[in-house]
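Subject: Structure handover

Hello,

Here is the structure for you to look through. Please open it first, then read the notes below.

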Amino acid sequence: MARVYNFSAGPSALPEEVLKECADEMLDFNGSGQSVMEMSHRSKDYEPIIQDAESMVRKLMGVPDNYKVLFLQGGGSTQFAMVAENLARAHRKAAYIETGVWAKKAAAEAKRLGIDVDVIASSKDRNYSYIPQVQRISGGYDYAYICLNNTIMGTRYGYIPETDGIPLVADISSCVLSEPLDVSKFGLLFAGAQKNLAPAGVTLVIIREDLICGEEECLPGTPAMLCYKTHADNGSMYNTPPCYTIYVLGKVLHWIERNGGAEGMLARNREKSDYLYDFLDTSDFYHATAEKGSRSMMNVPFLTKYSDHAADDQSAAAKEKEINGKFVREAEAAGLVNLKGHRLVGGMRASIYNAMTLDGVKALVDFMGRFAEENR
């Protein structure tokens, strides 16, 4: 069967070049006679793999020397708790900007831990279809928290808030290395790998060294595994790390470097997203859900014309459900998979991460044009 174009929000497509490299080395990595899946994480064969992955993160993201790069487990959702347990020390108070499901869940997790969470801005009033303008954050906060790209709602920050010295934390899971990012503006960045970096299983954390504290300074009862110092002191090897996923991550980072680094990814992603948004904005059958000025280059939710009256018209709602289901089925038959929208937005969603090609986006737009003509 031919390869499909995979528009999944995650786990998402990986570069074919990387998949082929991994396949070639599956049974014998670098003459070791074994797969990376089988290696001891403390062996002489594996040590260069994790060292190279860290070196490439630092190089491609311009990570300053006073930051630690960690490879952790538990996904982005575990970071919701770790951030609060490690950073909410002096005031037990944090500022959150709520721009969708993931920022909301992060704030809820902090509240569960007894943190005084101040939601200083929210875009809930328009179903999280835009990014609130909060240019400066000040006050007695231990940290401020944002989700830089919102996978479900298809929105993205076009600016970085100033924080007057308050450590800024950002979830960059769905936009890491999709464009250049000034790491020095943040106290902590984290990214689940399964969108732009690797298969699911590893979470990249970049944390400023002065924010790393011992167990005695974390929230009372914080487990050793949820203390950043535990992992920083042990080179991300306090326990067995997700060895194979880190190996693939390193391969993806080298692929990004060969394709122009973060700047190259920005040019690639801007071309793809512009092509899709230009089609949506000139269509009388589809429309994007995210507001102009806040649109993601990574995740593009869109609706059909039947959605316009679905909220208050049962027949229109039935038609919308029918047409959406038909779109997803016929797209899959055409080799365009994982386009079903999230239930909170409805319609369809095309996730066009780094590995998605312009040819894939053009194939989607061509299909969308044909589908519109056949279903007016």
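Helices (H or I, at least four residues) and strands (E, at least two) are DSSP runs, numbered from the N terminus. Asparagine 338 sits in the loop between β13 (336-337) and β14 (348-351). This is a predicted model, in which local features need pLDDT of at least 70, side-chain atom pairs count only at pLDDT 80 or more, and totals for chains, interfaces and linings use all residues. Residues are numbered from 1 along each chain as its sequence is written, and side-chain values use heavy atoms, with hydrogens and water left out.

**Overall build**

The protein has nine helices and 14 strands. Its C-alpha atoms fill a box of roughly 60 × 55 × 30 Å along the principal axes. The radius of gyration is 21 Å, which agrees with the value near 21 Å for a compact globule of 376 residues. That radius is taken over C-alpha atoms, and the globule rule is 2.2 Å times the number of residues to the power 0.38.

Of the 376 residues, 55% count as buried. Buried means under 20% relative accessible area, exposed means over 50%, and partly exposed lies in between (1.4 Å probe, protein chains only). The protein exposes about 16,200 Å². Carbon and sulfur atoms supply 47% of that area. Accessible areas come from the Shrake-Rupley method with a 1.4 Å probe; for residues, only the protein chains shown count as cover.

Now the contacts, meaning heavy atoms within 4.5 Å. Take those in the protein with a separation of 6 or more: residues 24 or more positions apart account for 68% of them.

**Cysteines**

Cysteine 213 is buried, at 1% relative accessible area. Cysteine 243 is also buried, at 10%.

Serine 296 lies in the loop between β11 (286-288) and β12 (299-304). Is serine 296 buried or exposed? It is buried, with a relative accessible area of 1%. Leaving out residues up to four places away in sequence, serine 296 touches Asn149, Gly154, Thr155, Arg156 and Tyr277.

Threonine 203 is in strand β10 (residues 203-208). Threonine 203 is buried, at 0% relative accessibility. A polar atom of its side chain lies 3.2 Å from the backbone nitrogen of glycine 75. Beyond four places in sequence, its contacts include Leu70, Gly75, Gln79 and Phe190.

**Backbone points to check**

Most residues other than glycine have a negative phi, and most peptide bonds are trans. Which residues does a cis peptide bond join? Glycine 10 and proline 11, with omega about -5 degrees. Proline 11 is in the loop between β1 (5-6) and α1 (16-24).

Aspartate 164 has a positive phi of about 50 degrees, yet it is not a glycine. It lies in the loop between β7 (155-156) and β8 (168-171). Asparagine 338 has a positive phi too, near 65 degrees. Asparagine 338 is partly exposed, at 47% relative accessibility.

**Aromatic rings**

The structure holds 16 aromatic pairs. Rings of Phe, Tyr and Trp (its six-membered ring) pair if their centres lie within 6.5 Å; planes under 30 degrees apart count as stacked, over 60 as edge-to-face and the rest as tilted.

Phenylalanine 80 and phenylalanine 190 have ring centres 6.4 Å apart and planes at 65 degrees, so the pair is edge-to-face. Phenylalanine 80 is in helix α3 (residues 75-87) and phenylalanine 190 in strand β9 (residues 188-192), so the pair ties together parts 110 residues apart in sequence. Both phenylalanines are buried.

Tyrosine 96 and tyrosine 145 form a stacked pair, 4.8 Å centre to centre with 20 degrees between the planes.

Best wishes

How values were computed. A polar contact is a pair of N or O atoms within 3.5 Å; within protein, one must be able to donate a hydrogen and the other to accept it, and residues adjacent in sequence count only if both atoms are side-chain atoms.
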